[in-house]
Amino acid sequence: MDIYERIEENRTKIASIYDLAAICYDYLRMQIDNQALFLAEYIEYSEEAKLNNPNIRMLKRYSYEMMRLFLQKDSKYSVEEIVGETLRRIVSVREKLISYGTVICNEATIAYYLLQAVDLYAENKAAESSAAPLNENYMENSYIYRIHGESMIKKAAVELKFRDKIRTTEIRHNFKCIRILEKAELDTGMSPPRLVTLHIDQYDQIRKSIIKSRKLKVAVIPFGREKVLVFEKVQGSSFRVQYIEQSKQTVLTKAINLLEKAIRQKANIIIFPEYVCFPEMQERIGDYLAETYRKAPDGMKSLFLVIAGSGWTEEDNNVARIYSYSGKLLGEQYKYSPYDGYDEKGERWIEGLCNPGKESVIVDIPEIGSIMTAICRDVSNRDQTEKIADIFEVDFLLVAAWSKSLHGGFEKQLENITEMNTMTSSLVCNSCAVVDESNWERGIVVTPYKKESIIQAKTKIIKSKAEQCEKCAGCIFSIPLSYNTPNVEKGKIVGKITQCKL
């Protein structure tokens with residue numbers, strides 16, 4: 001089956017340009033066994049080569065013409081008309097193909113350059129807010145996303161000549177704007193991440209000036225020393241979280257007071273820890289943001305995003321909620337790697353997650369970057385978080401945690417993500433209810449640093465003094481981040497971390 005037949009067979013499932021892209025990619029994955037060789041011999045051109053694909057010039061022209069056709073869709077053509085014209089042009093291109101290499105690979109170039117046209121379309125199309133995956137109707141084996149690509153660190157990375165990210169030679173990595181996630185890469189029961197865009201209005205001068213400064217202030221709120229929850233075994237070693245009703249209101253009041261203070265301190269991003277943010281608290285955080293934005297928006301003009309920690313739901317899931325500055329729920333993050341460990345008595349405890357990975361979200365803020373959320377063991381276990389961070393090349397990884405071992409659970413794992421992606425910064429907010437009181441560590445910040453030609457990760461531990469925690473009144477750690485070139489060059493992205501008590 002060639003690409004014409006593949007599109008025709010799935011014609012009723014094509015509701016957008018991105019459905020068409022998914023069909024092309026699935027077709028290429030099915031047809032091409034050796035992707036590196038296909039790219040090298042059929043797509044790339046070299047002046048020094050004894051033989052180049054004689055169809056390249058014609059195929060590139062076809063790709064450019066298809067991009068122009070796609071861009072006219074909204075104003076001139078329906079999707080059905082676009083598909084019909086696409087099929088007609090595929091026939092025309094196939095008739096012009098000069099025999100080269102194998103028939104299968106030669107004809108597969110038509111699908112490749114059609115996918116290239118979608119990438120050019122994504123690059124030239126105005127920013128949109130629709131949540132990805134963008135292929136809503138055709139989702140057989142892959143998911144299509146679009147990344148805006150600009151971030152706070154990008155300018156410094158270009159000026160300092162950060163090395164290119166080391167990637168495997170795959171077809172999906174050959175495109176500038178689209179990102180492709182294969183369904184097989186998700187564990188059973190996991191849904192593909194939603195990619196949402198948080199747009200900043202062009203007239204929002206304060207937030208625009210923060211973006212232009214390439215500086216962020218992150219507030220980490222590691223509260224939770226009040227006994228608001230217990231872990232209880234349900235069946236065998238499976239445990240769930242039970243909240244203490246009598247303590248909820250006290251903890252809720254404290255959380256809102258801390259949130260209010262962090263906003264007054266002009267925090268741009270606020271992170272709460274794992275478990276402590278029971279669902280009613282998360283809802284109240286969203287309501288508070290919405291009410292404050294409606295009544296007194298001037299007081300929160302520096303805020304972009306709030307990670308409302310994670311809480312245990314009635315359906316036995318561990319879920320974080322991500323809110324915009326206006327209180328809009330941007331998405332939920334379901335923990336997908338359950339805790340599995342032993343207590344001091346040698347008894348095993350396994351987190352009884354009912355729907356691990358049911359939902360996840362990546363927030364893209366143009367010119368700040370893409371922001372991914374994770375919950376504790378999602379990072380410690382390395383697998384899915386590293387994979388998703390790699391595919392989407394996330395700029396920030398924000399982690400809500402409840403961990404006795406920040407070094408063992410996060411340090412090497414986050415450093416690896418930074419060194420792999422070259423431009424990822426990570427922050428962990430750990431609940432003070434569980435920290436080892438011999439070191440008083442509340443979190444970790446990991447940022448990239450170019451040492452000669454190597455991209456390394458620089459780690460800074462968020463600590464408090466023992467005497468400040470003897471009586472917990474609640475505190476906020478303010479972490480200034482500067483992505484101006486001199487700071488990135490010196491490895492001083494993280495400024496002085498300050499602790500503020502409630």
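A salt bridge is a side-chain nitrogen of Lys or Arg within 4 Å of a carboxyl oxygen of Asp or Glu. Across the whole structure, 31 salt bridges turn up. In one of them, the side chains of Glu80 and Arg11 meet at 2.9 Å, N to O. Glu80 belongs to helix H6 and Arg11 to the loop between helix H1 (3-9) and helix H2 (17-31), so this pair ties together parts that are 69 residues apart in sequence. Helices here are DSSP runs of H or I with at least four residues, numbered from the N terminus.

A word on the model: it is predicted, so local features need pLDDT of at least 70 and side-chain atom pairs count only at pLDDT 80 or more, while totals for chains, interfaces and linings use all residues. Residues are numbered from 1 along each chain, and side-chain values use heavy atoms, without hydrogens and water.

Now look at the rings. The structure holds 18 aromatic pairs, meaning rings of Phe, Tyr and Trp (its six-membered ring) with centres within 6.5 Å. Such pairs link Phe38, Tyr42, Tyr100, Tyr112, Tyr113 and Phe175 into a cluster.

Rings can also have a charge over them: NZ of Lys or CZ of Arg is then within 6 Å of the ring centre and within 35 degrees of the ring normal. Here are two examples.

| Charged residue | Ring | Distance from ring centre |
|---|---|---|
| Arg207 | Tyr325 | 3.7 Å |
| Lys233 | Trp349 | 4.3 Å |

Note on methods: Phe/Tyr/Trp six-rings, centres within 6.5 Å; stacked < 30°, edge-to-face > 60°. Helix = DSSP H or I, 4+ residues; strand = E, 2+ residues; numbered from the N terminus.
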